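Please keep the sequence and the structure in view while reading.

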Amino acid sequence: MMKAGPRALAAMSEAAAVAGNHKSAAGNGAMTGSKLPVAVPAAGFQVVCTGQIEGIDYPGVNNLYCRYAVTYGTDWRVLHGAEAGLSQLAYRSNQEEGILLNFPIDISFQTTNPFGWPRLVLSVYGLDGLGRDVIRGYGAVHIPTTAGRTKRQVPLFKPLSSSLMQQFTAWLAGSPPEYFDSKFITQNDGREVTRVSSAGKATVVFNVARHGMTQFGYT
């Protein structure tokens, strides 16, 4: 019977240790595989909004186009879609009282806080008798908080000149007063110093879907 030398004994001990480590790792893998996956908490609830700016009823005007923008709080972020858009120039039809646009809206959001719920801001423009672009009115409306289809009538208004002289000058130059940033109408600061007059209304159709609000305690 042959006796193993010191080197052979050391090699056998090392091989046994490696085999033991492999068995231990396999056992741990089997135990890990048997556990149920841990649920990862959602990053926030989602609000999906589609629809269209259906038309604008503006007496005394036969052509209009609309630019829209979306405002929202600091806790919100856009997942998909356009935050702003510009419609085509549409003319009044003999069979229709208003001016049809049918301009689509498609945007989705994610947030953990409903504060700063998104608003749709409308800026309506048209061509005057000399073919110049002039502002016709502004309007703003909250995206509905309830799921489903909703139709909203958005009142429009436009700012007025501070004096009759400035109003006459603006009429000659074809540059009536307008806001530098249309999103200004969704803010509270500074609104009390502006004078406005009513100017027609816009019809907007919303299709809203919500997901995950109950997980954050909202219904």
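A residue is called buried when its relative accessible area is under 20%. Tyr179, at 11% relative accessibility, therefore counts as buried. The model shown here is predicted.

**Overall build**

The protein has two helices and ten strands. Read from the N terminus, the order of the elements is α-β-β-β-β-β-β-β-β-β-α-β. Of its 219 residues, 35% are buried. The protein exposes about 13800 Å², and 57% of this area comes from carbon and sulfur atoms. Among contacts with a separation of 6 or more, 75% are between residues 24 or more positions apart.

**Aromatic pairs**

A pair of aromatic rings is described by how far apart the centres are and by the angle between the planes. Eight aromatic pairs are counted in this model. One of them is formed by Phe45 and Trp76, with ring centres 6.2 Å apart and planes at 90°. Planes over 60 degrees apart count as edge-to-face, so this pair belongs to that class. Phe45 is in strand β1, which covers residues 45–57, while Trp76 is in the loop between β2 (63–71) and β3 (77–81). The two residues are 31 residues apart, and their pair links distant parts of the chain.

A tilted pair is made by Tyr138 and Tyr179, with 5.0 Å from centre to centre and 50° between the planes. Tyr138 belongs to strand β8 (residues 133–142), and Tyr179 to the loop between α2 (164–173) and β10 (196–211). The pair therefore ties together parts of the protein that are 41 residues apart in sequence.

Are the residues of these two pairs buried or exposed? The table lists the values.

| Residue | Relative accessible area | Class |
|---|---|---|
| Phe45 | 0% | buried |
| Trp76 | 4% | buried |
| Tyr138 | 1% | buried |
| Tyr179 | 11% | buried |

Which residues form one aromatic cluster? The members are Phe45, Tyr72, Trp76, Phe109 and Trp117.

**Cysteines**

How many disulfides are counted? The count is zero, with a disulfide taken as a pair of cysteine sulfur atoms within 2.5 Å. Cys49 is buried at 1% relative accessibility. Cys66 is also buried, and its relative accessible area is 1%.

Technical notes: Residues are numbered from 1 along each chain as its sequence is written. This is a predicted model: local features need pLDDT of at least 70, side-chain atom pairs count only at pLDDT 80 or more; totals for chains, interfaces and linings use all residues. Side-chain values use heavy atoms; hydrogens and water are left out. Buried means under 20% relative accessible area, exposed over 50%, partly exposed in between (1.4 Å probe, protein chains only). Rings of Phe, Tyr and Trp (its six-membered ring) pair if their centres lie within 6.5 Å; planes under 30 degrees apart count as stacked, over 60 as edge-to-face and the rest as tilted. Helices (H or I, at least four residues) and strands (E, at least two) are DSSP runs, numbered from the N terminus. Contact means heavy atoms within 4.5 Å. Accessible areas come from the Shrake-Rupley method with a 1.4 Å probe; for residues, only the protein chains shown count as cover.
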